[in-house]
Amino acid sequence: MNISIFGLGYVGCVSLGCLAQNGHQVVGVDINTTKVNQINSGRATIVEKDIDTIIAEQFALGRIRATSSYYKAVIETDLSIIAVGTPSTDKGHLNLSYLFSLADRIGNVLQEKDTFHVLAIRSTVTPGTCDQIAARIESKTGKVRNVDFAVVSNPEFLREATAVHDYYHPPLTIIGTESDRAAAMLRSLYEELPGQILVTSTKTAEIMKFVNNTFHALKISFANEVGNICSSMGIDSHQVMDILCQDRQLNISDYYLKPGYAYGGSCLPKDLKGLQTLAHDLYLQVPLINSIHHTNEIQKQRAIALLMKYSHRKIGFLGLGFKAGTDDLRNSPAVELVESLLGRGFSLKVYDRNVQISKLTGANKEYIEQRIPHLAQCMVEEGQDLVDWSDVLVVCTREGEFAALLDNTSNKTIIDLINLPFDNKASHQYVGINWSPGVESPHSYAFI
């Protein structure tokens with residue numbers, strides 16, 4: 001394929017060399033004539049393991065060149081990879097002015113081009129940037145997005161000092177587009193690389209760089225706070241974290257990384273509080289660990305705010321235990337939500353076949369008697385009775401029977417706190433606690 005790469009910095013230079021090594025004809029474009037001259041002399045524009053050799057070899061083979069003429073680069077290629085800088089402003093926003101200026105210039109060229117052209121944005125951008133670029137090009141050229149051209153999000157995850165290795169060994173490759181034609185073109189660039197190619201919506205792809213790197217920063221800071229606690233007690237922190245990482249079912253997995261409602265139960269709140277207290281007694285600052293409970297409380301308030309819109313309607317709760325398959329009500333987020341709404345005068349009922357008030361014992365019984373002493377009056381014995389009575393259904397736990405109930409009814413308002421999979425969403429007014437109606441499902445992507 002004939003490819004143009006705009007921006008010959010870190011990402012652009014590595015992409016230039018690696019794509020050429022994969023057999024493509026690649027032209028680099030930059031306003032910096034020094035960088036252009038370096039490439040046209042067979043020299044890399046950055047210091048990075050292996051890239052100098054790759055650039056020299058591919059230049060000798062005639063597969064790479066560089067220019068300052070964006071016009072010729074666009075006219076002579078099918079795909080333009082955008083790797084220009086998007087630095088942070090003083091207030092933390094991204095400065096997208098270079099990107100938009102370049103998009104306008106490319107748009108000028110596309111006015112004269114009859115063939116389908118793809119812009120693949122590798123720069124870090126805020127969600128919605130590709131839409132803005134496409135709108136600018138449509139306005140300037142009169143061409144139609146995904147018919148005459150496409151703007152695709154293709155975020156990079158290259159690390160300095162290992163960028164070439166990272167390019168050839170990605171854990172996955174993300175292509176964000178609503179154009180099958182553009183997806184096929186991008187897919188052809190990466191089909192020989194290991195790792196899955198994931199095609200998703202444009203905005204989903206755009207936010208992934210933020211989410212990935214924030215998660216990496218979170219892990220580093222969490223490990224450091226744990227390390228500080230351990231070292232203050234003479235415990236080998238590396239051994240602790242090594243053991244933590246041995247658990248691939250829960251600790252190093254996707255098990256708890258699913259947006260939804262707050263955590264609860266007897267273990268997580270108690271042990272989190274225990275670690276916070278331990279750090280406090282050691283006179284250690286652990287702001288990350290201390291913020292976890294606060295974030296959980298914010299999620300509870302989010303659910304209350306969502307339900308306040310329905311204060312004059314009949315609310316039915318599907319599930320009351322802190323998770324499916326248990327009658328444990330201690331620190332259940334659903335119990336706290338029911339308690340809060342009852343205190344506000346809501347009319348509500350609850351169905352959970354696992355919870356029989358007369359059979360609760362011990363700490364579980366004491367907890368619910370303290371929080372909602374008249375809970376038995378709110379409970380119904382059959383799920384269908386709850387559905388028939390309710391105007392609004394709040395899904396709190398992932399019980400299989402709840403999906404069947406919702407599949408067999410319609411015209412209800414569904415407030416889903418756990419992303420329950422059921423097929424009949426279109427016949428309801430459906431709202432997820434942190435996924436919105438009209439937005440793709442949390443699982444709407446395709447692995448290639």
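## Burial and the overall build

Buried here means under 20% relative accessible area, exposed means over 50%, and partly exposed is what falls in between (1.4 Å probe, protein chains only). This is a predicted model, in which local features need pLDDT of at least 70 and side-chain atom pairs count only at pLDDT 80 or more, while totals for chains, interfaces and linings use all residues. Residues are numbered from 1 along each chain as its sequence is written, and side-chain values use heavy atoms, with hydrogens and water left out.

Let's start with the whole chain. Of its 448 residues, 46% are buried. Its secondary structure comes to 16 helices and 14 strands; these are DSSP runs numbered from the N terminus, with helices being H or I runs of at least four residues and strands being E runs of at least two. Taken along the principal axes, the C-alpha atoms fill a box of roughly 80 × 60 × 40 Å.

## Helix α1

Helix α1 covers residues 10–21 and is mostly covered itself, with 10 of its 12 residues buried. The buried residues in α1 are Val11, Gly12, Cys13, Val14, Ser15, Leu16, Gly17, Cys18, Leu19 and Ala20.

From its first C-alpha to its last, α1 reaches 17 Å, close to the 16 Å expected at 1.5 Å a residue. The expected span is 1.5 Å times one less than the number of residues in the helix. After α1 comes Gly23, which has a positive phi near 105 degrees.

## Two loop residues with positive phi

Most residues other than glycine have a negative phi. Ala161 is not a glycine, yet its phi is positive, at about 85 degrees. You will find Ala161 in the loop between β6 (149–153) and α7 (163–168), and it counts as exposed because its relative accessible area is 52%.

Asn331 also belongs to a loop, the one between β9 (314–318) and α13 (333–343). Its phi is near 55 degrees, a positive value in a residue other than glycine. With 29% relative accessibility, Asn331 is partly exposed.

## Salt bridges

Side chains of opposite charge can pair when their charged atoms come close. A salt bridge here is a side-chain nitrogen of Lys or Arg within 4 Å of a carboxyl oxygen of Asp or Glu. By this rule there are 13 salt bridges. One of them joins Arg159 and Asp166, with 2.9 Å from N to O.

Asp254 pairs with Lys258, their closest N and O atoms being 3.9 Å apart. Asp254 is exposed at 53%, and Lys258 is partly exposed at 49%. Another pair is Asp271 with Lys270, where the closest N and O atoms are 3.0 Å apart. In that pair Asp271 is partly exposed at 45%, while Lys270 is exposed at 55%. Glu297, Lys300 and Glu336 are linked in a network of salt bridges.

## Surface patches

Patches are built from residues with over 30% relative accessible area and no salt bridge; like charges are joined within 9 Å, and nonpolar side chains (Val, Leu, Ile, Met, Phe, Trp, Tyr) within 5 Å. The areas come from the Shrake-Rupley method with a 1.4 Å probe, and for residues only the protein chains shown count as cover. Lys and Arg count as positive and Asp and Glu as negative, with His and the chain ends not counted. The place of a charge is NZ of Lys, CZ of Arg, CG of Asp or CD of Glu.

Which residues gather in a patch of negative charge on the surface? They are Glu381, Glu382, Asp385 and Asp388. Asp385 sits in helix α15 (residues 383–389) and is partly exposed, at 46% relative accessibility. A nonpolar surface patch of about 290 Å² is made by Met233, Ile235, Val240 and Leu278. Within this group, Val240 lies in helix α10 (residues 237–246) and is partly exposed at 31%.

## A pair to locate

Ala404 belongs to helix α16 (residues 400–407) and is partly exposed, with a relative accessible area of 38%. How many residues separate Ala404 and Asp352 in sequence? They are 52 residues apart in sequence and 14 Å apart in space, C-alpha to C-alpha.
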